Amino acid sequence: MKKQQVLMPWGKHKGVPVSKLPDFYLKWVAENWRERTPLDVVIIKAADKEYRRRVEDGEFGEDNYSPIPSKFE
């Protein structure tokens, strides 16, 4: 079974898979997106999962610097 990608629903990154978001925006989504709809929950979970994967794999921070402190550190 092929894994479905979560796409950003609007904004500058509309249609972009969460897994392809720039680091600074991925971190912002994981930390600041609000749960208003079931889709919001899906987006938050996908962003959190991808953020953790990048940090664990040592990939986070290669494309962008973010001054936002991480709640996962």
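A salt bridge here is a side-chain nitrogen of Lys or Arg within 4 Å of a carboxyl oxygen of Asp or Glu. The model is predicted, so local features need pLDDT of at least 70 and side-chain atom pairs count only at pLDDT 80 or more, while totals for chains, interfaces and linings use all residues. Residues are numbered from 1 along each chain as its sequence is written, and side-chain values use heavy atoms, with hydrogens and water left out.

Start with the whole chain. Its secondary structure is two helices and zero strands (DSSP runs: H or I of at least four residues for helices, E of at least two for strands, numbered from the N terminus). Of the 73 residues, 34% are buried (under 20% relative accessible area; exposed is over 50%, partly exposed in between; 1.4 Å probe, protein chains only).

Next, select E50 and R54. Their side chains form a salt bridge, 2.9 Å from N to O. The two are four residues apart in helix α2, about one helical turn. Both E50 and R54 are buried, E50 at 10% relative accessibility. Salt bridges with shared partners link D23, E50, R53, R54 and D57 in one network.

R53 and E50 are three residues apart in helix α2; R53 is partly exposed, at 31% relative accessible area.

Now move to R52 and D48. Their salt bridge has its closest N and O atoms 3.1 Å apart, and these residues are four apart in helix α2. R52 is partly exposed at 39%. The whole structure has five salt bridges.
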